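This report describes a structure shown below, with attention to its sheet, its nonpolar cores and its aromatic pairs.

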Amino acid sequence: MAVRPERWDIFCRVVDNLGDVGVAFRLARCLAREQGKAVRLWLDDLTVLARLRRETDISSTCQQVDGVEVRRWDAALDSGEAVEEAGIADVVVETFGCDTPPAYVHAMADRRPHPRWINLEYLSAEEWVEGSHALPSPHPRYAPLTRHFFFPGFTAKTGGLLRERDLLERRDAFQADRAAQAEFWRGLTGAVPPDGALKVSLFGYAGAPYGALLDAMVRHAGPVWIAAPEGVASQAVSAWLHGSTQGDRGGIQAFATAFLDQDRYDELLWACDLNFVRGEDSFVRAQWASRPFVWHIYPTQDGAHWVKLGAFLARYTAGMDRAHATRLTALWEAWNRGDSPARAWPAFDAALPAIAPHAEDWAERLASRPDLAAALVNFTDKVLK
Ligand code: TRH
């Protein structure tokens, strides 16, 4: 008799921006495509997914998007009236502490065996993550129903990073294929970068010194080709171009482009020599692109993001030539403070040829570990069963 695939429910409530959904969808797709799970992704805001995957129907309560069953997480689920119809999964994942709907939790407590229950946390390079990863937290009211914390991370004592099985192979093929890259650039900007141009993608938060960076890049020895997908970065590029969405200024060819589909954004990262990224998902994708990058961390009111930024820089620059590490850190810190990179950019620019191999080594080291979806399945199979 055929064994039915294990059923997984992933809950994601949009806090802010795009990354919560970006990460949750990527996880759901890996679990469905690569781990053979029957996955339902419950989203409270389908418009964010529609930005990342244009095929999404924001009016639908249940749809297939790229092999993932996407359900609208609405009041009916919260009130409990839709819980019976929906049924309870074998494994329940709440992302970023979004709190599984209480009526659903109540039904989980009644189900035997209890579903395995995971809280997938935000990514951090901080040391304390290893001590918190995989810890149990019995539900105060429904014990022994227990939630386990699962942390992405950069070490073997964490859950690792999301990485589709064929990602690195597709990356290598694209980065070796000049014709594919030329076609990509033609599709995105209408033109192909000149040979030897420094190709840069820009994605970040409000407050980053975009104009000052472009001014500093004018001093780069050679042509610079900048692509900024629709958002605060593209608005800053247009302002720098005096209102145009593309143009040449001081040897810099800059483009305010359309927002790319999530998978095509990978190609932008692979096609560039340097990527400015932000948050969590693009931050990870830039590392898989195996190219130098600058991370605009999601700023928090309490300033805790500085500790998080420092923790990642410590891991990322370990083993790097100290002078190069200092130059990279100076640019990252100026970028995150919103300070002009007029001083930090030239030093970083000069070190780029030496930093590039480090980015490749870093990606290779990360790729030696299981991907997050596989680690999560292993955890729910081996540890929780
Ligand atoms: O949008 P973000 O700032 O999301 C952030 C993070 O999730 C962070 O962890 C969270 O605390 C905060 O929100 C509330 O950055 P992030 O994580 O890079 O997500 C952006 C998504 O957009 C990512 O999946 C890549 C995708 N993207 C595209 O699909 N096309 C594009 O053109 C661009 C620029 C990005």
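Helix H11 (residues 262–271) lies across strand S9 (198–202), S10 and strand S13 (274–278), and runs at about 135 degrees to S13. Helices (H or I, at least four residues) and strands (E, at least two) are DSSP runs numbered from the N terminus. Axes are lines fitted to C-alpha atoms, for helices over the stretch in contact, with angles from 0 to 180 degrees between N-to-C directions.

This is a predicted model, in which local features need pLDDT of at least 70 and side-chain atom pairs count only at pLDDT 80 or more, while totals for chains, interfaces and linings use all residues. Residues are numbered from 1 along each chain as its sequence is written, and side-chain values use heavy atoms, with hydrogens and water left out.

**Sheet**

Six strands form an open sheet with mixed pairing, in the order S11-S12-S10-S9-S13-S14; two strands pair if DSSP finds at least two bridges between them. Strand S11 (246–249) and strand S14 (293–296) are the edge strands, each pairing on one side only. On average, neighbouring strands of this sheet are turned by 15 degrees against each other, direction ignored. Strands S10 (residues 224–229) and S12 (residues 252–257) run parallel and are joined by six bridges. Pro229 has Thr257 in S12 as its bridge partner.

**Nonpolar core**

A nonpolar core is a set of buried Ala, Val, Leu, Ile, Met, Phe, Trp, Tyr and Cys residues joined through side-chain atoms within 4.5 Å. The largest has 73 residues, of which Leu202 and Phe312 touch the most other members. Helix H15 (residues 344–367) gives the most to this core, with nine residues. The core lies between domain 1 (7–160 + 370–383) and domain 2 (167–367), because both give residues to it; the domain bounds come from an automatic or database domain assignment.

Leaving aside neighbours within four places in sequence, Phe312 is in contact (heavy atoms within 4.5 Å) with residues including Ala125, Gln287 and Trp362.

**Aromatic pairs**

Rings of Phe, Tyr and Trp (its six-membered ring) pair if their centres lie within 6.5 Å; planes under 30 degrees apart count as stacked, over 60 as edge-to-face and the rest as tilted. The count comes to 31 aromatic pairs. Tyr316 and Trp362 form an edge-to-face pair, 5.1 Å centre to centre with 75 degrees between the planes. Tyr316 lies in helix H13 (residues 304–317) and Trp362 in helix H15, so the pair ties together parts 46 residues apart in sequence.

Buried means under 20% relative accessible area, exposed over 50%, and partly exposed in between (1.4 Å probe, protein chains only).

| Residue | Relative accessible area |
|---|---|
| Tyr316 | 1%, buried |
| Trp362 | 5%, buried |

Ring pairs link Tyr316 and Trp362 into a cluster whose members include Phe154, Phe283 and Phe312.
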